[in-house]
Amino acid sequence: LASHPQSGTGVLRPKMLGVIQAPMPEINRGFVQIKLEDARRLVKADQAATSVIAMVRGVEGPEDAWRIEQVAAALQRALGDEYVVETWDELAPEIMGYLRIARPILLGFMAIFFILAGLVVLNTIYLNLLERSKEMGIILALGAGHRRVLRMVIIEALVLAGIGTAIGSVIGIALVQWGSDGIGLPQSYHDIYQQIGISAEIAMSMSMTEALISALMMLVIAVLAAWLPAYHTSRQEPVKVMKGI
């Protein structure tokens with residue numbers, strides 16, 4: 001039985017082919033899948049149609065939402081006012097609310113790990129230069145200028161940081177590629193995610209822009225870590241530097 005606001009009540013006696021096992025029991029009690037022709041006959045409207053779902057290529061994460069918006073806007077212009085084109089965040093606002101909460105939390109964890117990695121680079125290069133301050137004092141005593149010492153230290157830091165960044169980027173990209181097919185979550189998550197129709201796997205992804213920004217930030221931290229002690233040492237007298245004062 002079905003009712004249409006304009007055509008009244010419709011009755012259909014279809015042949016049952018199977019029972020849908022939906023993720024939630026509530027859906028099983030109120031969800032029926034039939035052919036579009038039968039649905040039109042049920043509501044007595046030959047032109048009636050259900051929703052049409054379109055998948056947009058090139059969408060791998062929330063950062064690609066602009067592609068969906070572009071396609072939705074183009075479809076709306078092409079179809080006119082007789083049809084309503086909605087994006088996934090309009091159809092499922094509860095998921096959008098979840099992402100609004102989860103995204104800052106994930107960014108916070110990313111920032112913590114990024115700061116820890118930066119502190120490791122900063123501490124390593126900074127202590128290395130402090131231990132070699134006597135060497136810089138000898139170089140200054142031999143007649144090298146302040147700018148030359150700074151340039152030598154910064155070039156050395158860039159070389160070391162560049163090698164470390166290259167090795168870390170290769171390992172990081174390899175790990176992302178390994179996890180791009182999906183990493184299964186514990187069984188307790190499977191039951192929860194199955195109820196809302198979400199796969200209990202996390203697929204790792206990283207854009208080239210994110211990789212370049214991470215590498216650039218590490219290089220900047222390495223240069224700053226090398227510049228600070230080198231600048232302080234180059235401004236002192238060579239004798240004081242060699243004595244470790």
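The model is predicted, so local features need pLDDT of at least 70 and side-chain atom pairs pLDDT 80 or more, whereas totals for chains, interfaces and linings use all residues. Numbering starts from 1 along each chain as its sequence is written, and side-chain values use heavy atoms, without hydrogens and water.

Select residues 133–141, helix α6, and residues 146–179, helix α7; helices are DSSP runs of H or I with at least four residues, numbered from the N terminus. Their axes, lines fitted to C-alpha atoms over the stretch in contact, come within 10 Å and cross at roughly 140°. That makes α6 oblique to α7, the class left after angles under 35 degrees, over 145 and from 65 to 115.

Next, show the side of α6 with M136, I139 and L140, which meet H146, V149, M152 and V153 in α7; contact means heavy atoms within 4.5 Å. By class, this contact has six nonpolar, one polar and no charged residues.

Finally, select M16, G18, V32, Q33 and I34, the closest to the centre of the second largest pocket among its 17 lining residues. By class, that lining has 11 nonpolar, three polar and three charged residues. Here Ala, Val, Leu, Ile, Met, Phe, Trp, Tyr, Cys and Pro count as nonpolar, Asp, Glu, Lys and Arg as charged, and the others as polar. A pocket is an open set of points on a 1 Å grid over the protein atoms alone where a 1.4 Å probe fits, with protein on both sides within 12 Å along at least five of seven lines; lining residues have an atom within 4 Å of a point.

Note on methods:
Axes are lines fitted to C-alpha atoms, for helices over the stretch in contact, and angles run from 0 to 180 degrees between N-to-C directions. Helices (H or I, at least four residues) and strands (E, at least two) are DSSP runs, numbered from the N terminus.
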